[in-house]
Amino acid sequence: MIYLDYSATTPVSYEVLDTISKVTKEFIGNPNSLHALGLKSAQLLESATKQIADIFGISTNEIIYTSGATEANNMAIIGVAMAHHRKGKHIIVSKLEHPSIYAICEYLKSIGFEIDYVKNDNEGLIDFDDLKRLIRDDTILVSICAVNSETGVRQPLKMIRQIIKKENIATIFHSDMTQAIGKIAVNFHDVDLASMSAHKIFGPKGIGFLYKSNMIKIVPLIYGSGKVNELKPGTPPLPLIAALSKAIRLANDSLEKRERFINLLNNKIITALEQYPNIKINKTKYSIPQILNISIMNVMPETFIHIMDKHEIYLSTNTACSSGDISSSIMAIYNDIKRAKHTIRISLSYVTTTEEVNKFIEIFKEEYEKIMQVK
Ligand code: PMP
């Protein structure tokens, strides 16, 4: 099999599996319990959290564990909305967000919040002038993802933060960093809130975290007991948390070296496919190499994906979360419906091999040329 859908999810690495198994067997106590077994679990929870905090240069109490990025996005955006609605009900998001962000915005709109969508240029870069223009005295939140999940377009968060804070110091800045963490270097100090998910970085499904700067206040979405974190009450899933910590440590090793290698693979695919006039490469100068988006203008993406499936080659249409729709990200960048209806995402990882890419190219060409002959 050739798996080229690492941005949808990744398999759990052996080291991480080992951690899950060991912690499940050896740490049976509830970290909230006062006895020795509880204490043992609480100590592991503390050290796993400290390791994450040290990697990102943040405090342990700025990490709130969630079931993944969807929950972190909800906790951040609804949490800010509920905590600050007396100051204002205006929220700004980009046109390059994950569908979960838009779903949250739709909900907030239904209860009286006002949502604006900041423009981007034809390279996918946020339009700074438009952002400046949109920020008002009652703007409580701006949410802009670090890396777009369909095209890999990366945003300059530091610069965006400066613009936001210059216009309105009280406006909170959230970034969905799910497709950035473990692929490129990120700086949590560029934002006030950030979301991530372990299953994108060879960790288990069902765990992620929200970074929340100690400088800002959000309201909890769920209520309960437990001393670990008031924003996420209940018994912490220790095996998953230890696994998340391990996955983050492994993912942040040799980021640049890995990115250079993936860039070579990305270029190899582009060189092979750009010779076909009906294949558009949806790559801009801000796209990270791990995510390569193309539009096969004369074939429906589902058809092509199923053909590749027969060869055990696994690709995505737009994203696993919005399959079947028109790609909103391609529309936002290229404003071309046909292009947005025909997208295929090829997502690469540092575990992808040159042999896999060569084989993928060979089969892709063979199958594509077969279709061309029939047409
Ligand atoms: N945000 C982005 C940018 C994503 O790519 C994803 C996963 N497709 C999510 C949020 C949702 O993450 P999770 O599956 O962990 O809820």
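Does Glu 312 count as buried, exposed or partly exposed, and at what relative accessibility? Select Glu 312 to begin the tour. The model you are looking at is predicted. At 41% relative accessibility, Glu 312 counts as partly exposed, because that category lies between 20% and 50%.

**Stop 1: two loops**

Stay on Glu 312, which sits in the loop between H9 and strand E11 (313–314). Look at the backbone here: the phi of Glu 312 is near 60°, a positive value in a residue that is not glycine. Most residues other than glycine have a negative phi.

Now select Asn 335, in the loop between helix H10 (328–334) and helix H11 (337–341). Asn 335 also has a positive phi, near 50°, and is not glycine either. With a relative accessible area of 62%, Asn 335 is exposed, because the cut-off for exposed is over 50%.

**Stop 2: H9 and H12**

Two packed helices are described by the angle between their axes and the distance between the axes. The crossing of H9 and H12 is right-handed.

Show the side chains where the helices meet. On the H9 side, select Phe 304, Ile 307 and Met 308. On the H12 side, select Phe 360, Ile 363, Phe 364, Glu 367, Tyr 368 and Ile 371. Sorted by class, this contact of H9 with H12 has eight nonpolar residues, no polar residues and one charged residue.

**Stop 3: H3 and H4**

Next select helix H3 (residues 69–84) and helix H4 (residues 99–110). Their axes are 10 Å apart, and the helices pack at an angle of about 30°. H3 and H4 are therefore roughly parallel to each other. Their crossing is right-handed.

H3 contributes Thr 70, Asn 73, Asn 74, Ile 77, Ile 78, Ala 81 and Met 82 to the contact. H4 contributes Ser 100, Ile 101, Ile 104, Tyr 107 and Leu 108. By class, the contact of H3 with H4 has eight nonpolar, four polar and no charged residues.

H3 has 16 residues and spans 22 Å from its first C-alpha to its last, close to the 22 Å expected at 1.5 Å a residue. Which residues of H3 are buried? They are Ala 69, Ala 72, Asn 73, Met 75, Ala 76, Ile 77, Ile 78, Gly 79, Val 80, Ala 81 and His 84.

**Stop 4: Ser 94**

Move to strand E3 (residues 90–94), where you will find Ser 94. Ser 94 has 1% relative accessibility and therefore counts as buried. To see what surrounds Ser 94, leave aside its neighbours within four places in sequence and select Tyr 102, Tyr 117, Val 118, Ile 126, Ser 143 and Ile 144, which are in contact with Ser 94.

**Stop 5: H6**

Select helix H6 (residues 157–167) and highlight its buried residues: Leu 157, Ile 160, Ile 163, Ile 164 and Lys 165. What covers these buried residues of H6? The cover includes helix H5 (128–134), strand E5 (139–143) and strand E6 (172–176).

**Stop 6**

Select Val 23 in helix H1 (residues 14–26). Val 23 is buried, with a relative accessible area of 6%. Not counting residues up to four places away in sequence, Val 23 touches Leu 44, Leu 238, Pro 239 and Ala 242.

Finish with helix H2 (residues 36–56) and helix H7 (residues 238–251), whose axes come within 9 Å and cross at roughly 25°. H2 is therefore roughly parallel to H7. This crossing of H2 and H7 is left-handed.

From H2, show Ser 41, Leu 44, Leu 45, Ala 48, Gln 51, Ile 52, Ile 55 and Phe 56. From H7, show Leu 238, Ile 241, Ala 242, Leu 244, Ser 245, Ile 248 and Arg 249. By class, the contact of H2 with H7 has 11 nonpolar residues, three polar residues and one charged residue.

Terms used:
Residues are numbered from 1 along each chain as its sequence is written. This is a predicted model: local features need pLDDT of at least 70, side-chain atom pairs count only at pLDDT 80 or more; totals for chains, interfaces and linings use all residues. Side-chain values use heavy atoms; hydrogens and water are left out. Axes are lines fitted to C-alpha atoms, for helices over the stretch in contact, and angles run from 0 to 180 degrees between N-to-C directions. Helices (H or I, at least four residues) and strands (E, at least two) are DSSP runs, numbered from the N terminus. Angles under 35 degrees count as roughly parallel, over 145 as roughly antiparallel, 65 to 115 as roughly perpendicular and the rest as oblique. A crossing is left-handed if the near helix is turned anticlockwise from the far one by less than a right angle, and right-handed if clockwise. Contact means heavy atoms within 4.5 Å. Ala, Val, Leu, Ile, Met, Phe, Trp, Tyr, Cys and Pro count as nonpolar, Asp, Glu, Lys and Arg as charged, and the others, Gly among them, as polar. The expected span of a helix is 1.5 Å times one less than its number of residues. Buried means under 20% relative accessible area, exposed over 50%, partly exposed in between (1.4 Å probe, protein chains only).
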